[in-house]
Amino acid sequence: MGDRLRLAVGVMGNASSLLLFTAPILTFSRVIRKKSTEEFSCFPYIISLLNCLIYSWYGMPIVSYRWENFPLVTINGLGILLEVSFIIIYIWFATARSKMKVAAMLVPVILLFSTTAIISAFLFHDHHHRKVFVGTIGLVAAVTMYGSPLVVVRQVIRTKSVEFMPFYLSLFSFISSSLWMIYGLLSHDMFLASPNIAATPLGLLQLIVYCIYRKRGIMEEPSKWDIEQNEEKSKQLQLVTDNNTNDKS
């Protein structure tokens with residue numbers, strides 16, 4: 001019964017992670033349409049790539065015992081393909097300065113994963129120590145990934161606008177972290193549960209901030225419309241006044 005429940009939660013976790021990884025498609029369709037990255041940040045996608053690389057490796061038989069964590073390999077393998085695609089699109093449409101920033105973040109991520117894989121494969125000779133080492137790195141990467149949209153939250157609070165805060169990324173981040181937290185607890189694997197215990201309230205915070213500033217934007221929109229209408233009426237009144245003046249002349 002316990003194994004079936006764990007498998008069921010793992011399947012739901014895979015489904016929610018798939019939604020999380022595909023959520024940026026809406027953002028990047030806008031980037032492609034406008035041929036500009038605008039104010040969007042590439043940081044969440046680079047950190048997501050690191051998380052997918054680490055947990056794909058964690059689920060492989062060389063680290064985990066046989067295929068006990070097979071759901072991790074399948075979903076994170078797909079995540080690697082999607083995140084790489086998003087980063088390539090971002091680089092293609094980014095300014096020269098933004099490209100340099102992306103490169104500065106991407107190189108350490110690749111080096112960190114390569115170092116983690118080499119050390120775990122050749123310096124440790126049993127599954128337990130490999131899982132501890134890779135799991136510790138994965139824990140930090142996962143918390144950073146789920147917390148990365150907080151960079152955008154700062155911008156939302158500063159600008160009082162949710163335009164550049166991807167809602168579905170925050171929503172599916174919350175759902176995914178909740179399910180993987182349950183999966184980790186059922187598996188008695190704290191390296192899966194711990195980062196998601198921290199990530200779940202972070203995802204909830206992002207949703208709260210989005211709702212607060214989205215409501216403010218809706219409330220402010222009518223007043224903005226009224227101002228535009230008043231400006232239009234003033235222009236029309238000025239035009240009538242000018243015409244009357246010309247007729248008298």
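**Figure 1. Lining of the largest pocket in the predicted model.** In this predicted model, H5 gives the most to the lining of the largest pocket, contributing 5 residues. The pocket has a volume of about 270 Å³, and its lining is made up of Thr37, Glu38, Glu39, Phe40, Ser41, Cys42, Tyr90, Arg97, Ser98, Lys101, Val102 and Met105. Sorted by class, these lining residues comprise 5 nonpolar, 3 polar and 4 charged residues.

**Figure 2. Surroundings of threonine 37, one of the residues that line the largest pocket.** Threonine 37 is placed in the loop between H2 and H3, and, because its relative accessibility is 4%, it counts as buried. When neighbours within four places in sequence are left aside, threonine 37 is in contact with Val31, Tyr90, Phe93 and Ala94. Of these partners, Tyr90 is also listed in the lining of the largest pocket.

**Figure 3. Packing of helix H3 against helix H5.** The axes of H3 and H5, the latter spanning residues 96-122, come within 10 Å of each other and cross at roughly 10°, an angle that makes H3 roughly parallel to H5. On the H3 side the contact is made by Phe43, Ile46, Leu49, Leu50, Leu53, Ile54 and Trp57, and on the H5 side by Val102, Met105, Leu106, Val109, Leu112, Phe113, Thr116, Ala117, Ser120 and Ala121. By class, the contact of H3 with H5 holds 15 nonpolar residues and 2 polar residues, with no charged residues. Val102 and Met105 of H5, which take part in this contact, are also found in the lining of the largest pocket.

Figure 4. At least two lining residues are supplied by each of helix H1 (2-22), helix H3 (43-59), H4, helix H6 (127-147), helix H8 (167-186) and helix H9 (190-248), with the largest share, 4 residues, coming from H9. In terms of class, the lining of this cavity has 11 nonpolar and 5 polar residues, and no charged residues.

**Figure 5. The second largest pocket.** This pocket has a volume of about 180 Å³, and, of the 14 residues that line it, Leu26, Thr27, Met165, Pro166 and Phe167 are the closest to its centre. Helix H2 (24-34) and H8 each supply at least two residues of the lining. The lining residues of the second largest pocket divide by class into 11 nonpolar, 1 polar and 2 charged.

Figure 6. Apart from neighbours within four places in sequence, the contacts of isoleucine 89 are with Phe28, Val31 and Ile32. Val31 is likewise named among the contacts of threonine 37. Isoleucine 89 and lysine 35 stand 54 residues apart in sequence, whereas in space their C-alpha atoms are 9.9 Å apart.

**Figure 7. Glutamate 163 in the loop between H7 and H8.** Glutamate 163 is found in the loop that joins helix H7 (150-159) and H8, and it is partly exposed, with a relative accessible area of 45%. Glutamate 163 and arginine 214 are separated by 51 residues in sequence, and the distance between them in space is 9.0 Å, taken from C-alpha to C-alpha.

**Figure 8. The chain as a whole, as context for the close-up views.** Buried residues account for 41% of the 249 residues in the chain. Among contacts between residues at least 6 apart in sequence, 75% join residues that are at least 24 apart.

Conventions
Residues are numbered from 1 along each chain as its sequence is written. This is a predicted model: local features need pLDDT of at least 70, side-chain atom pairs count only at pLDDT 80 or more; totals for chains, interfaces and linings use all residues. Side-chain values use heavy atoms; hydrogens and water are left out. Contact means heavy atoms within 4.5 Å. Ala, Val, Leu, Ile, Met, Phe, Trp, Tyr, Cys and Pro count as nonpolar, Asp, Glu, Lys and Arg as charged, and the others, Gly among them, as polar. Axes are lines fitted to C-alpha atoms, for helices over the stretch in contact, and angles run from 0 to 180 degrees between N-to-C directions. Angles under 35 degrees count as roughly parallel, over 145 as roughly antiparallel, 65 to 115 as roughly perpendicular and the rest as oblique. On a 1 Å grid over the protein atoms alone, a cavity is a set of points where a 1.4 Å probe fits but cannot get out, and a pocket is an open set with protein on both sides within 12 Å along at least five of seven lines; lining residues have an atom within 4 Å of a point. Grid points are joined across faces, edges and corners, and a volume is the space filled by probe spheres set on the points. Buried means under 20% relative accessible area, exposed over 50%, partly exposed in between (1.4 Å probe, protein chains only).
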